[in-house]
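I opened this model to look up its sheet, its helices and its chain contacts. My entries follow.

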There are 2 protein chains.
Amino acid sequence: MIHQGATIWLTGLSGSGKSTIANMLAGRLRESGAKVEVLDGDVIRTNLSRGLGFSKEDRDINIRRIGFVCGLLSRNGVIAIAAAISPYAQVRREVRATTTNFVEVFTDCEFEKLVARDVKGLYKKALAGEIKNFTGVSDPYETPEHADVRIDSGTQTPEESTDTVWNYLAEAGLIRS
Amino acid sequence: MIHQGATIWLTGLSGSGKSTIANMLAGRLRESGAKVEVLDGDVIRTNLSRGLGFSKEDRDINIRRIGFVCGLLSRNGVIAIAAAISPYAQVRREVRATTTNFVEVFTDCEFEKLVARDVKGLYKKALAGEIKNFTGVSDPYETPEHADVRIDSGTQTPEESTDTVWNYLAEAGLIRS
């Protein structure tokens, strides 16, 4: 497979499937011989952003750092896949402007389903007021208005969502058999 | 030119020529068609490490972040050139262990020459006690004992120093015509 460097940016609420889809997509791309790196928001907080909190300012700094690394990778021919809530539209636009072949993937899911699923038990705590600055509960999420790919992870399986992104990359000419 | 991913790590005191050599080497490699990124300590402090100071702990965190990015780039076939004082041996060893084809380049220079040259006027201030935690004056620099390349930037020109690194890369098989 031939591929171009790209920044595939998964944005969405906690539990909406960003990391699952990112890793599934990365696995399939790697199997096809592509150079791929996954930059997971939680992992990056350990490696690049320890000490930052969840205020708007700190979230924006965290996203800029992930964007900086995605920029370096994607301009050197690597497919960088970021999975980060990235709730603010302005900084997402900034990252789009400073990276190569930016693809915004919005992992959408009905709020009620996220709460019902609550894989990490975070929504229960957040709704009980035990977690401050929790996106979607006590902190805003600015819905992407012009995402390149929208996934409904409330109804699609991760495999179907991964297919959707894959097909977009193929149609955009970013990957080619 | 064919090249492998590598992490070329320039360590040495302020004013010893790290950035100059890094940029000269990057230019020559790029002209030869290589994928290259320069990670300059001062630039990285803006992009990845704003808010960090110059305590041992903060310096180590800064170096680990540069190392993390060099690791991502070098394992994807990019030549990552870092220019950072990186005064502590332990964290340099850590970076060596976590990156691909790590080449430690020690830009050595007699202290008296650095003070006499004092391009940025920092040594004068540091010696007058106006800058705290200044490496080589009020903060330690742990000299690399087993650097892969040692440059004497007190006697060599930047061109000669760049040649020295280039020749090492060629002999190590990391670049090939």
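**Sheet of chain B**

I started from one bridge: Val36(B) has Ile79(B) in S4(B) as its bridge partner. The model is predicted: local features need pLDDT of at least 70 and side-chain atom pairs count only at pLDDT 80 or more, while totals for chains, interfaces and linings use all residues. Residues are numbered from 1 along each chain as its sequence is written, and chains are lettered from A and ligands numbered from 1 in the order in which they are written.

S3(B) and S4(B) (residues 79-83) pair in the parallel sense, over five bridges. Two strands pair if DSSP finds at least two bridges between them. Strands (E, at least two residues) and helices (H or I, at least four) are DSSP runs, numbered from the N terminus.

I then traced the whole sheet. Five strands of chain B form an open sheet with parallel pairing, in the order S3-S4-S2-S5-S6. S3 (36-40) and S6 (149-152) of chain B are at the edges with a single partner strand each, so one side of each has no neighbour in the sheet. Neighbouring strands are turned by 20 degrees against each other on average, direction ignored. Axes are lines fitted to C-alpha atoms, for helices over the stretch in contact, and angles run from 0 to 180 degrees between N-to-C directions.

**Helices of chain B**

Helix H4(B) (residues 89-98) lies across S2(B) and S5(B), at about 150 degrees to S5(B). Helix H7(B) (residues 158-171) lies across S2, S5 and S6 of chain B, at about 170 degrees to S6(B).

H3(B) (residues 56-74) has 19 residues and should span 27 Å at 1.5 Å a residue; the end C-alpha atoms are 26 Å apart, which agrees. The expected span is 1.5 Å times one less than the number of residues.

**Ile66(B)**

I picked Ile66(B), in helix H3 of chain B. Is Ile66(B) buried or exposed? Ile66(B) counts as buried because 26 C-beta neighbours lie inside 10 Å. The cut-offs are 20 or more other C-beta atoms within 10 Å for buried, 12 or fewer for exposed, and partly exposed in between, with C-beta atoms placed from the backbone.

Beyond four places in sequence, Ile66(B) is in contact (C-beta atoms, placed from the backbone, within 7 Å) with Leu39(B), Ile44(B), Ala82(B) and Ala84(B). Ala84(B) is 18 residues from Ile66(B) in sequence and 8.8 Å away, C-alpha to C-alpha.

**Chain contacts**

I found 11 residues of chain A in contact with 11 residues of chain B. Helix H3 of chain A (residues 56-74) gives the largest share of chain A's side, five residues. The predictor gives the complex an ipTM of 0.94 and a pTM of 0.95.

Conventions. Two residues are in contact if their C-beta atoms, placed from the backbone, lie within 7 Å.
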